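Subject: Structure for your files

Hello,

Here is the structure I said I would pass on. Please keep the sequence open beside it while you read the notes.

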Amino acid sequence: MEKLTRFDAAEYLDTDELQTLYLDEVAKENDPAALIKAIDTVARAKGMSKTAKEAGISREGLYKALSPNGNPSFATVCKILNAIGYTLVPTRIAKKTEA
């Protein structure tokens, strides 16, 4: 019987362009949990130790903040995004009109 390995998107996000496309697509879903998971994936692709150092938090703190049970503050999310080379940019959404 063959052993299957767990798929990890971080292994395939090996360029800034792929990381940007990935974050953009997940951000369009407007799902905070999915966005935190995507930020975690890109942080792992870039290297958690490097990301933690650039964000000014411990490696353990970074893992905790981006874990499924984590609840990072907005400031922490901004620090992590900055460390991986991104920022949040509010984009106006089109209001749905009633028919």
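Predicted model: local features only at pLDDT ≥ 70, side-chain atom pairs only at ≥ 80, totals over all residues.

Helix 3 spans residues 48-55 and helix 4 spans residues 59-66. Their axes lie 8 Å apart and cross at an angle of about 95°. Since angles of 65 to 115 degrees count as roughly perpendicular, helix 3 is roughly perpendicular to helix 4. On the helix 3 side, the contact is made by Met48, Ser49, Thr51 and Ala52, and on the helix 4 side by Arg59, Leu62 and Tyr63. By type, the residues of this contact are 4 nonpolar, 2 polar and 1 charged.

Helix 3 has Met48, Thr51, Ala52 and Ala55 as its buried residues. Viewed down the axis of helix 3, they fall within an arc of 100°, so they line one face of the helix. Lys50 and Lys53 are exposed on the face of helix 3 turned away from the buried side. The cover over the buried residues of helix 3 includes helix 2 (32-46), helix 4 and helix 5 (74-83). Just after helix 3, Gly56 has a positive phi of about 75°.

In helix 4 the buried residues include Leu62, Ala65 and Leu66. The buried residues of helix 4 fall within an arc of 85° seen down its axis, so they too line one face. Glu60 and Lys64 are exposed on the other side of helix 4. Helix 2, helix 3 and helix 5 are among what covers the buried residues of helix 4.

Regards

Terms used:
Residues numbered from 1 in each chain as written. Heavy atoms only, no water. Axes fitted to C-alpha atoms, helices over the stretch in contact; angles between N-to-C directions. Helix = DSSP H or I, 4+ residues; strand = E, 2+ residues; numbered from the N terminus. Parallel < 35°, antiparallel > 145°, perpendicular 65-115°, else oblique. Contact = heavy atoms within 4.5 Å. Nonpolar A, V, L, I, M, F, W, Y, C, P; charged D, E, K, R; others polar. Buried < 20%, exposed > 50% of the residue type's maximum accessible area, 1.4 Å probe, protein only. Arc of directions from axis to C-beta.
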